[in-house]
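Let's take a walk through this protein together, one region at a time. Keep the 3D view open and follow along.

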Amino acid sequence: MALSQVRADAPLRVSPQPVRVAVWAVVLAWLARRLWRLLVLIARCPAALLGLSVVVVGIVAWQVLGLALLLGILGTVLLVLLGWRLRWPDGFHRGVSGPVRGWLRGGWVYRRRWTTAMDTAGLTVTRNGTTYVPPLLRARSTSSVDRVTVRMIPGQTLEDYAAVSDRLAQTFGTTDCRTRSVPSKPHLVELWLLVCDPLTALVNPFPADRAGLDAGLPVARAEDGSTWRLRIVGNHILIVGATGAGKGSVLWSIVTGLTPSIANGVVKVWAVDPKGGMELAPGRHLFDRFAHGDSTDQAGYEAGFADILEDAVGVMRSRQDRLRGITRLHTPSTDEPLIVVIVDELAALTGWVADRTAKKRIESALGLLLSQGRAVGVVVIGAVQDPRKDVLPMRDLFPTRIALRLNEAEQVALVLGPGARNRGARCDLIPDSLPGVGYVTVEGIAEPVRVRFSHITDNTITTLGQPARVPALTVVKGGAAA
Ligand SMILES: Nc1ncnc2c1ncn2[C@@H]1O[C@H](COP(=O)(O)OP(=O)(O)OP(=O)(O)O)[C@@H](O)[C@H]1O
């Protein structure tokens, strides 16, 4: 009878021949299965694997070398590791503690719960009865972040992972989870799972570093504990944040980083503080020029701002004449320093100016500087509270934008570009208690990175650029100075 003719109400009767198996073979198979499961369990649990390896290697070494020699070798290894940790903590972290921590957490926290986590987050795909789980490729750790690399299933995008980042953080017991693309590997996604938030602690000023002008100024701490550097040469920088968000700390972190270059004449800062000098006055000794508005000026309160910006345009024009056909990017030198124009509240120059003549002069000069200045060593760094186009029409001319705490979620797109909030830049959720925290873009990474700028007090500002204090000599009566 053909299969198509089998009727449901007349089941096929099958009588298999009995197969005889010896009892010892059944027991052996059962034991082999148990042993295999145990080995898989050990292989999946790094702590068990490490423990087992240490025991086995220890026993073999004891047999071969004897106890005294074994203890001697172990002691030497421990001393070398301790010395490494004390002398080169960063290298020790990169070479030893980071990989070990990543391996342990990769196995214990992530691989163990991986399938369940992917399933409950809706990141698995079932086709024809087979469930596909995105494979976890690698886990690395710093003291604050676990970076887990995952190969996405065909058809998935980074946004699929970003949309469930809160679920992943909850499943793995971390405080937050961010998704990052991996440069030139479009099928990979890196999950940054925040174990603790290093940005709740104040960030101290970074030591001024002479290479900063080329390598980028060290101005902020990123949430993986690394130092975030800001490139000044060939750049314009816009800082946006609600009132009290810490825009001042960004400006002062930059000025602190520039101090060695200001001292040796390679950088000149021209400061404009339309709030009557309230923010920038403590550092006036570092500025080559300082305009803070003058209510007694016959030409008007804002005339001084227009003068300084037009002078910067003059420098720009003369450098363009000289460098035309020679280079496409000016190199700062003592003969031709980098001019850094710092403006504390840009809106006071673009949106709220009462004097129409001054407003026109300022807008025209700012537009010229922002569109042509950076190649010839005239850069603009501006801070603003409100990023809307009617307040700051030339917002898009700033290549680097820093977003601190913002009042509304929609403002994130205005500062960091469309989709930045979905990719993790939740500036509207930064609490008031964390001034100086914001999101920035990092070269080679498409997603904004969360950082905290260093906190510079007024006392520190007044001592910036001053020679270190030498203790005063005390005169001892009848003797030499001590
Ligand atoms: N990086 C930081 N770390 C810790 N505290 C900070 C930091 N930046 C600023 N603060 C503190 O937050 C408060 C507000 O800072 P700041 O004046 O710089 O904000 P702002 O954005 O410039 O505000 P506004 O626009 O009103 O001038 C100050 O008390 C300052 O000491």
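Before we set off, one term: a salt bridge here is a side-chain nitrogen of Lys or Arg within 4 Å of a carboxyl oxygen of Asp or Glu. You are looking at a predicted model, where local features need pLDDT of at least 70 and side-chain atom pairs count only at pLDDT 80 or more, while totals for chains, interfaces and linings use all residues. Residues are numbered from 1 along each chain as its sequence is written, and side-chain values use heavy atoms, with hydrogens and water left out.

The side chains of Asp311 and Arg289 meet in a salt bridge, with 2.7 Å from N to O. Asp311 sits in helix 10 (residues 303-323) and Arg289 in strand 11 (residues 289-291), so the pair ties together parts that are 22 residues apart in sequence. Helices (H or I, at least four residues) and strands (E, at least two) are DSSP runs, numbered from the N terminus. How covered up are the two partners? Asp311 is partly exposed, at 36% relative accessible area, and Arg289 is partly exposed too, at 28%. For these labels, buried means under 20% relative accessible area, exposed means over 50%, and partly exposed is in between (1.4 Å probe, protein chains only).

How many salt bridges does a search of the whole structure find? The search turns up 20. One of them joins Arg450 and Asp197, whose closest N and O atoms are 2.8 Å apart. This pair links distant parts of the chain: Arg450 is in strand 16, Asp197 is in the loop between strand 6 (185-194) and helix 8 (212-215), and 253 residues separate them. Arg450 counts as buried, at 8% relative accessibility, whereas Asp197 is partly exposed, at 22%. Both also belong to a network of salt bridges that links Asp166, Asp176, Arg178, Asp197, Glu223, Arg426 and Arg450. Elsewhere, Arg401 forms a salt bridge with Asp396, with 4.0 Å between the closest N and O atoms. Asp396 is partly exposed, with a relative accessible area of 45%. As a general point, side chains of opposite charge can pair when their charged atoms come close.

Let's step back to the overall layout. The protein is divided into domain 1 (24-87), domain 2 (115-196) and domain 3 (200-463), with the bounds coming from an automatic or database domain assignment. The C-alpha centres of domain 1 and domain 2 lie 31 Å apart.

Next, look for a nonpolar patch on the surface, formed by Leu52, Val56, Val60, Val64, Leu65, Leu69, Ile73 and Val77. Patches are made of residues with over 30% relative accessible area and no salt bridge, where like charges are joined within 9 Å and nonpolar side chains (Val, Leu, Ile, Met, Phe, Trp, Tyr) within 5 Å. Together the patch residues have about 690 Å² of accessible area. Areas like this come from the Shrake-Rupley method with a 1.4 Å probe, and for residues only the protein chains shown count as cover. Which helix gives the most to the patch? That's helix 2, with five residues. Helix 2 (46-65) and helix 3 (67-87) each supply at least two. Val56, for example, lies in helix 2 and is partly exposed, at 46%.

Pro99 is partly exposed, with a relative accessible area of 42%. Its C-alpha atom is separated by 39 Å from that of Gln411, 312 residues apart along the chain.

Last stop: the ligand. Of the 17 residues around the ligand, Thr243, Gly244, Gly246, Lys247 and Phe453 come nearest; a residue counts as near if one of its heavy atoms lies within 4 Å. Helix 9 (247-263) and strand 16 (445-453) each supply at least two residues of this shell, and helix 9 gives the most, with three. A backbone N or O atom of Gly246 lies 3.0 Å from a ligand oxygen, and a polar side-chain atom of Ser249 is 3.1 Å from a ligand nitrogen. Taken alone the ligand exposes 630 Å², and the protein buries 71% of that.

Technical notes. Polar contact = N/O pair within 3.5 Å; in protein donor to acceptor, adjacent residues only side chain to side chain.
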